[in-house]
Amino acid sequence: MLSRQLSGQIDTSNNRAMNIALPTPASPFNIGTRGSPLALAQAHETRARLMAEFDLPEDAFAIVVIKVMGDAIQDRALKDIGGKGLFTREIEEALLDGSIDIAVHSMKDMPVDQPGGLLLDTYLPREDVRDAFVSLTAKGLDDLDQGATVGTSSLRRRSQLLVRRPDLNVVEFRGNVQTRLMKLGNGVAEATFLAMAGLNRLNMTDVPRSAIAPEDMLPAIAQGAIGIERRADDTRAAAMLEAIHHGPTGQRLAAERSFLAHLDGSCETPIGGLADLDGGSLRLRGEILRTDGSQVLADDMTGAIADGAEMGREMAIKLLAQAGPGFFDHM
Ligand SMILES: NCc1[nH]cc(CCC(=O)O)c1CC(=O)O
């Protein structure tokens with residue numbers, strides 16, 4: 001398995017695998033992650049795939065938990081304190097200073113550009129991309145009373161909800177799944193929204209949820225995808241990650257992240273996007289919204305898989321032209 005995976009990627013001059021020094025319990029491979037339950041589950045999945053691929057014991061790996069600013073701040077809306085880098089800066093510093101070998105991320109939270117010296121080009125097979133409607137009382141969006149209060153801290157979800165249900169009262173809702181369920185129980189809101197991927201990865205089968213079709217709520221760019229970052233000059237990490245990379249997820253994210261890149265999106269802008277593969281073609285759906293739900297601009301394109309990034313770029317340019325200046329200025 002090792003030689004098959006490495007022969008194409010690392011040593012193209014002949015058909016023999018390059019000799020990489022695999023990690024050992026005495027000199028483990030350090031996997032960096034945030035400390036949230038979901039982040040830990042994703043790091044454990046990465047470790048399990050590497051163990052299987054290279055026939056290594058669990059203690060040839062160390063899971064290194066890194067505290068990030070974003071996790072420490074629970075009381076203010078993320079958009080007020082500086083966006084996505086809040087969840088990645090400390091982890092990327094640990095990569096650059098060598099205290100970890102790779103970093104495992106939710107791709108949904110990752111900016112399109114990484115700091116110099118780092119590469120984020122390895123993806124695990126994608127989970128369910130959809131959002132979940134979570135409520136102790138209502139079965140779905142259509143089941144909510146006129147004027148009902150729903151909780152979300154996501155500008156995208158907020159805007160998408162208001163497009164469909166302008167009557168809803170959308171309130172800020174942060175915290176982990178347990179906290180949010182407690183708030184629902186306390187009547188703070190009648191429903192909230194979570195990624196299906198997170199619920200599935202945490203095996204939260206007892207959470208009352210129903211999956212929302214992408215037609216009704218287009219997911220965030222890269223929702224449900226795990227990405228693994230490394231130092232650009234680390235040939236061992238490159239070889240190990242190549243072995244667990246999931247190509248189709250990479251093709252889908254290439255289109256979605258190109259769309260995001262050309263929109264210049266951060267988590268401060270309501271953007272949805274989803275690429276699906278169907279045989280030899282790629283379908284990209286994308287939308288941008290006004291935060292008050294008064295307007296949504298959407299597009300849907302199908303083309304060759306290899307053209308995904310170009311489709312993302314074209315779609316972004318087209319939607320931005322339709323939007324005109326000031327489209328996002330409603331916050
Ligand atoms: N922004 C937080 C975040 N980042 C990734 C996930 C879920 C897992 C995923 O989409 O990969 C979540 C929580 C949520 O949206 O419910």
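**Note on a predicted protein–ligand model**

1. Ala 222 is located in the loop that connects β9 (209–212) with β10. Helices (H or I, at least four residues) and strands (E, at least two) are taken here as DSSP runs, numbered from the N terminus. The model is predicted: local features need pLDDT of at least 70, side-chain atom pairs count only at pLDDT 80 or more, and totals for chains, interfaces and linings use all residues. Residue numbers start from 1 along each chain as its sequence is written.

2. Phi of Ala 222 is positive, near 70°. Ala 222 is also buried, with 27 other C-beta atoms within 10 Å. A residue is called buried if 20 or more other C-beta atoms lie within 10 Å of its own, exposed if 12 or fewer, and partly exposed in between, with C-beta atoms placed from the backbone.

3. Asp 55 is a further non-glycine residue with a positive phi, of about 55°. Asp 55 belongs to the loop between α2 and β2. Asp 55 counts as exposed because 10 C-beta neighbours lie inside 10 Å.

4. For the chain as a whole, the secondary structure comes to 11 helices and 13 strands. The protein chain has 331 residues, of which 39% count as buried. Among contacts with a separation of 6 or more, 72% join residues 24 or more positions apart. Two residues are in contact if their C-beta atoms, placed from the backbone, lie within 7 Å.

5. Strands are said to pair if DSSP finds at least two bridges between them. Strand β1 (residues 29–33) pairs with strand β3 (residues 102–106) in the parallel sense over 2 bridges, and Ile 31 stands opposite Ile 102 in β3. Axes are lines fitted to C-alpha atoms, for helices over the stretch in contact, and angles run from 0 to 180 degrees between N-to-C directions.

6. Another open sheet consists of 3 strands in the order β11-β12-β13, with antiparallel pairing. Here β11 (271–278) and β13 (296–304) are the edge strands; each has a single partner, so one side of each lacks a neighbour in the sheet. The average twist is 10° from one strand to the next. Strand β12 (residues 281–289) pairs with β13 over 9 bridges, and Ile 288 stands opposite Leu 297 in β13.

7. Helix α10 (residues 247–263) lies across β11 and β12 and runs at about 150° to β11. Leu 253 is part of helix α10 and is buried, with 26 other C-beta atoms within 10 Å. Leaving aside neighbours within four places in sequence, Leu 253 contacts Met 107, Tyr 123, Ala 222 and Ala 225. The C-alpha atoms of Leu 253 and Leu 284 are separated by 10 Å, although these residues are 31 apart along the chain.

8. Strand β5 (residues 131–134) is covered on both faces: Asp 131 and Phe 133 are buried on one side, and Ala 132 and Val 134 on the other. β5 pairs with β8 in the antiparallel sense over 4 bridges, where Ala 132 has Leu 194 as its bridge partner. A further 4 bridges join β5 to β9, also antiparallel, and Asp 131 is bridged to Ile 212 in β9. In helix α6 (residues 155–164), 8 of the 10 residues are buried, so this helix is largely enclosed by the rest of the structure. The buried residues of α6 include Arg 156, Arg 157 and Arg 158.

9. The residues around the ligand are Ser 106, Lys 108, Asp 109, Leu 194, Ala 195, Ala 197, Gly 198, Gln 223 and Gly 224. The elements giving two or more residues to this shell are β8 (191–195) and α8 (196–201). A residue is near a molecule if its C-beta atom, placed from the backbone, lies within 6 Å of it. By class, the shell has 3 nonpolar, 4 polar and 2 charged residues; Ala, Val, Leu, Ile, Met, Phe, Trp, Tyr, Cys and Pro count as nonpolar, Asp, Glu, Lys and Arg as charged, and the others, Gly among them, as polar. Domain 1 (2–126 + 224–245) and domain 2 (131–212) each supply at least three shell residues, the domain bounds coming from an automatic or database domain assignment.
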